[in-house]
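Subject: Structure handover

Hi there,

Here is the structure I promised to pass on. Have a look at it first, and then read on for what turned up.

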Amino acid sequence: MSEILLTIVTVTKNCAGTIGRTLDSVQAVKRDGIEYVVVDGVSSDGTLEAVRQHGALVDRCLSEPDSGIYNAMNKGVALARGKYILFINGDDELVADGFPAVMAALAEGRHGIVCATTLVGDARSPSEVLVAVPRRLPFFNTIPHPSSFVARDLLLRWPFREDLRIVSDYDFFLRAHLAGQKFHVLPVVTAMHQRGGASGNVARSQAELDQVRRQRLGWRYFALNAVAGMYRWGKGLVGGLRHG
């Protein structure tokens with residue numbers, strides 16, 4: 001049996017309307033050295049039937065109640081055998097073109113976190129292009145998780161916080177950044193993301209982001225907020241002068 005380099009994990013619950021395209025996109029990239037794990041929160045809409053129809057594509061499927069998406073993602077980490085793990089949601093898709101470059105980087109084994117680009121919306125005319133910018137993590141959530149390949153040992157060392165409902169992936173990436181973990185960014189696209197779901201709750205998302213930044217940054221939280229405020233003020237001033 002060949003060594004498993006990458007485990008792709010999909011966490012689902014009642015995704016029957018979208019899971020088909022996710023499964024098809026995984027089929028397009030799966031080969032020796034890649035396994036696929038599905039963690040389902042006891043779907044009742046035909047999601048599991050769609051998964052089973054893809055036969056040998058899915059190496060392991062767990063369906064049981066969970067306490068939230070990050071509880072399910074931690075279960076996926078426990079089930080994974082790959083050196084690296086990629087999470088792709090049941091309404092998102094992988095983009096095969098960028099995978100050769102990523103797999104080559106993973107095979108080198110020198111990077112704890114390898115980041116590619118995620119497109120939002122439609123591949124032909126995306127509404128957003130999400131490129132990882134690790135240095136900005138203390139200010140914003142700047143790592144697109146659908147195109148982030150993370151060493152399994154890091155996810156075992158720092159499990160996703162299950163008290164958070166929306167931004168536990170940001171908490172993980174900020175924690176890794178503050179611990180000195182290096183991010184290797186590749187200029188290739190590996191995922192298509194659709195906005196919505198829990199992350200669409202802007203007020204709750206912002207509240208959790210502030211909570212995480214306060215907890216992880218300590219006194220630096222206030223200093224960085226002051227810097228960000230001055231930057232926004234400066235941009236506003238310059239804009240006003242240009243239009244004055």
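Contact in this note means heavy atoms within 4.5 Å. This is a predicted model, in which local features need pLDDT of at least 70, side-chain atom pairs count only at pLDDT 80 or more, and totals for chains, interfaces and linings use all residues. Residues are numbered from 1 along each chain as its sequence is written, and side-chain values use heavy atoms, with hydrogens and water left out.

Let me start with Ile-4. Helices (H or I, at least four residues) and strands (E, at least two) are DSSP runs numbered from the N terminus, and Ile-4 sits in the segment before strand 1. Leaving out residues up to four places away in sequence, Ile-4 touches Gly-33, Glu-35, Arg-81, Gly-82 and Lys-83. Ile-4 and Gly-82 are 78 residues apart in sequence, yet their C-alpha atoms are 4.6 Å apart in space. For accessibility, buried means under 20% relative accessible area, exposed over 50%, and partly exposed in between (1.4 Å probe, protein chains only). Ile-4 has a relative accessible area of 12% and is therefore buried.

Leu-48, in helix 2, is buried as well, at 11% relative accessibility. Apart from neighbours within four places in sequence, Leu-48 is in contact with Asp-40, Cys-61 and Ser-63. Arg-81 is 33 residues from Leu-48 along the chain, and 22 Å separates their C-alpha atoms.

Next, some backbone angles to check. Most residues other than glycine have a negative phi. Asn-14 is not a glycine, but has a positive phi of about 55°. Asn-14 belongs to the loop between strand 1 (6-12) and helix 1 (19-29), and its relative accessible area of 36% makes it partly exposed. Val-42 also has a positive phi, near 60°. The loop between strand 2 (34-40) and helix 2 (47-52) holds Val-42, which is partly exposed at 42% relative accessible area.

Ser-44 is in the loop between strand 2 and helix 2 too. With a relative accessible area of 68%, Ser-44 counts as exposed. From Ser-44 to Thr-142 there are 98 residues in sequence and 34 Å in space, C-alpha to C-alpha.

Now for a helix pair. Two packed helices are described by the angle between their axes and the distance between the axes. Here, axes are lines fitted to C-alpha atoms, for helices over the stretch in contact, and angles run from 0 to 180 degrees between N-to-C directions. The axes of helix 6 (residues 168-178) and helix 7 (residues 202-217) come within 10 Å and cross at roughly 25°. Helix 6 and helix 7 are therefore roughly parallel to each other (angles under 35 degrees count as roughly parallel, over 145 as roughly antiparallel, 65 to 115 as roughly perpendicular and the rest as oblique). On the helix 6 side, the contact is made by Tyr-170, Asp-171, Leu-174, Arg-175 and Leu-178, and on the helix 7 side by Leu-209, Val-212, Arg-213, Arg-216 and Leu-217.

Finally, the aromatic rings. Rings of Phe, Tyr and Trp (its six-membered ring) pair if their centres lie within 6.5 Å; planes under 30 degrees apart count as stacked, over 60 as edge-to-face and the rest as tilted. There are nine aromatic pairs in the structure. One of them joins Tyr-221 and Phe-222, edge-to-face, with 5.1 Å centre to centre and 85° between the planes. Tyr-221 is buried, at 5% relative accessible area, whereas Phe-222 is exposed, at 52% relative accessibility. One aromatic cluster is formed by Tyr-70, Phe-87, Trp-158, Phe-160, Phe-172, Phe-173 and Phe-183.
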